[in-house]
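This briefing is meant to be read with the sequence and the model side by side. It begins with one term, then moves from the overall fold to individual strands and residues.

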Amino acid sequence: MNHDDQVLDDPVGRSLRGRHARFARRLGRAAAYLPEAATFSAVSADPDAAEWADLAGLIGPGELADMFSCPATPPPDWEPVFSLEGRQMIWSGTARSDGSPAETETETETETGAGVVELGAESVAEMLDLVARTRPGPFWPRTHELGTYLGIRDNGRLVAMAGERLRPPGWTEISAVCTASEARGRGHAARLVGALVARIVARGERPFLHVAEANTGAIALYERLGFTTRKQVTFRGFRIP
């Protein structure tokens, strides 16, 4: 499997041209996810005016162009909506012979006995509710279709989840890592991320993720789980005139 990390410079575009092509809408060289799956858009590495016009036509006037980590500068009349400093991290750990990640959880993080379960279409309402309460990042009614999503329930209620989002060649992004406030401190996030790492590694791919620079607690957790920083990124969104 190709583990070339250069594809991570354009994770949205490479996903939309590959394993997520069925979620793509296109106009010219511009591409974007179906809005019910993700808000992210993609242009080439050096887009010209025609390509920006294609993206504007694809998304529509007054709509948000979520450029994710794309560094290209849009036309000056595109209104900045948000800009968030973050980092892209890649898993640099090792795997056991059974494919599971080695040394990914501390003793404290494995104390809980709660079971990890797969989440599907029947769990969308619960997933959206948890996201609304914890705000881990964008998550929409069909986001769970982008990859495998795992959760932990406490007395039947979903209290933690994490899943797979962007999928450039040879890589899978771990995303939507969140835990309800009443369930924090029990190691749920570590267990979910560790379970996803094991699945990704077992199929011959490599995990990566994105995190806001201000989220120092999450960064520290990911570093304990074997992730290292590949590069700093800026997440940006613009309003199309």
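Two strands are said to pair if DSSP finds at least two bridges between them. With that in mind, this predicted model contains an open sheet of three strands in the order E1-E2-E3, with antiparallel pairing. The edge strands of that sheet are E1 (24-27) and E3 (41-42), each of which pairs on one side only.

**Overall architecture**

- The protein has five helices and 11 strands, and its C-alpha trace spans about 55 × 35 × 30 Å along the principal axes.
- A compact globule of 241 residues would have a radius of gyration near 18 Å, and the value of 18 Å for the protein therefore agrees with that expectation.
- Among contacts in the protein with a separation of 6 or more, 72% are accounted for by residues 24 or more positions apart.

**Surface, burial and charge**

- Of the 241 residues in the protein, 51% are buried.
- The protein exposes about 10,800 Å², and carbon and sulfur atoms supply 51% of that area.
- There are 27 positive and 32 negative side chains in the protein, and the centres of these two sets lie 2 Å apart.

- Strands of a sheet pair through backbone hydrogen bonds, in either a parallel or an antiparallel sense.
- Within this sheet, strand E1 and strand E2 (residues 30-33) pair in the antiparallel sense over four bridges.
- As a landmark for inspecting this pairing, Ala 24 stands opposite Tyr 33 in E2.

**Strand E4 and its partner E11**

- Strand E4 (residues 64-68) is largely enclosed by the rest of the structure, because four of its five residues are buried, a class that requires under 20% relative accessible area.
- Strand E4 pairs with strand E11 (residues 227-239) in the antiparallel sense, and the pairing runs over four bridges.
- Phe 68 has Arg 236 as its bridge partner in E11.

**Asp 10, before helix H1**

- Asp 10 lies in the segment before helix H1, which covers residues 11-16.
- How exposed is Asp 10, given its relative accessibility of 24%? Asp 10 counts as partly exposed at that value, because this class lies between under 20% for buried and over 50% for exposed.
- Asp 10 and Gly 28 are 18 residues apart in sequence, and their C-alpha atoms are 18 Å apart in space.

Notes
Residues are numbered from 1 along each chain as its sequence is written. This is a predicted model: local features need pLDDT of at least 70, side-chain atom pairs count only at pLDDT 80 or more; totals for chains, interfaces and linings use all residues. Side-chain values use heavy atoms; hydrogens and water are left out. Buried means under 20% relative accessible area, exposed over 50%, partly exposed in between (1.4 Å probe, protein chains only). Helices (H or I, at least four residues) and strands (E, at least two) are DSSP runs, numbered from the N terminus. The radius of gyration is taken over C-alpha atoms; the globule rule is 2.2 Å times the number of residues to the power 0.38. Contact means heavy atoms within 4.5 Å. Accessible areas come from the Shrake-Rupley method with a 1.4 Å probe; for residues, only the protein chains shown count as cover. Lys and Arg count as positive and Asp and Glu as negative; His and the chain ends are not counted. The place of a charge is taken as NZ of Lys, CZ of Arg, CG of Asp or CD of Glu.
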